[in-house]
Amino acid sequence: MRHLILAALLVLTAAPAFAGPIERACVRSDRAAGNRALCGCIQQAADMTLSRREQSRAAKFFRDPHMAQEVRQSDRRNDEEFWQRYRSFGETAEAFCS
């Protein structure tokens, strides 16, 4: 029992170290105002819809929203495919986290 409690405490205190790229960017952004619960929920939606590499790319949109606009308007096939998955992520996050 004691080992189980210690393991649970370790997981709870180490949780921020396991935050994904979307959660970290969200917490740092002005829009979320450090709302860790909301940012964690958004990260869960990202985990369901985006690869880790796509999450890193999407996390940059928190710092530079214009970058998102450039990707959205791009004619490159890779950008168009990514944008479709990113939109799916946004819809999932909205449904899951509201």
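A: Helices (H or I, at least four residues) and strands (E, at least two) are taken here as DSSP runs, numbered from the N terminus. On that basis the chain has six helices and zero strands, and the order of its elements from the N terminus on is α-α-α-α-α-α. The model is predicted, so local features need pLDDT of at least 70 and side-chain atom pairs count only at pLDDT 80 or more, whereas totals for chains, interfaces and linings use all residues. Residues are numbered from 1 along each chain as its sequence is written, and side-chain values use heavy atoms, with hydrogens and water left out.

To speak of an interior we need the word buried, which means under 20% relative accessible area, while exposed means over 50% and partly exposed lies in between (1.4 Å probe, protein chains only). Of the 98 residues of the chain, 32% count as buried.

A nonpolar core is a set of buried Ala, Val, Leu, Ile, Met, Phe, Trp, Tyr and Cys residues joined through side-chain atoms within 4.5 Å. The largest such core has 18 residues, and those with the most contacts inside it are Ile-22, Ala-58, Phe-61, Phe-82, Trp-83, Tyr-86 and Phe-89. At least two residues of this core come from each of α2, α3, α4 (52-63), α5 (65-73) and α6, and the largest share, five residues, is supplied by α6. Taking contact to mean heavy atoms within 4.5 Å, Phe-89 touches Ile-22, Ile-42, Ala-45, Ala-46, Thr-49 and Leu-50, when residues up to four places away in sequence are not counted.

Rings of Phe, Tyr and Trp (its six-membered ring) pair if their centres lie within 6.5 Å, and planes under 30 degrees apart count as stacked, over 60 as edge-to-face and the rest as tilted. There are six aromatic pairs by this rule. In one of them, Phe-61 and Trp-83, the ring centres are 6.4 Å apart and the planes stand at 50°, so the pair is tilted. Because Phe-61 lies in helix α4 and Trp-83 in helix α6, this pair ties together parts that are 22 residues apart in sequence. Both Phe-61 and Trp-83 are buried. Phe-61 also pairs with Tyr-86, with ring centres 5.1 Å apart and planes at 85°, so that pair is edge-to-face. Here helix α4, which holds Phe-61, is linked to helix α6, which holds Tyr-86, across 25 residues. Together, Phe-61, Phe-82, Trp-83, Tyr-86 and Phe-89 form one aromatic cluster.

With a disulfide taken as a pair of cysteine sulfur atoms within 2.5 Å, the chain has two disulfides. One of them joins Cys-26 to Cys-39, S to S 2.1 Å, and its torsion about the S-S bond is about -70°, so the link is left-handed. Since Cys-26 lies in helix α2 (residues 21-28) and Cys-39 in helix α3 (residues 36-49), it ties together parts that are 13 residues apart in sequence. Both Cys-26 and Cys-39 are buried. The sulfur atoms of Cys-41 and Cys-97 are likewise 2.1 Å apart in a disulfide, which is left-handed with -100° about the S-S bond. This pair links distant parts of the chain, Cys-41 in helix α3 and Cys-97 in helix α6 (residues 77-97), 56 residues apart.
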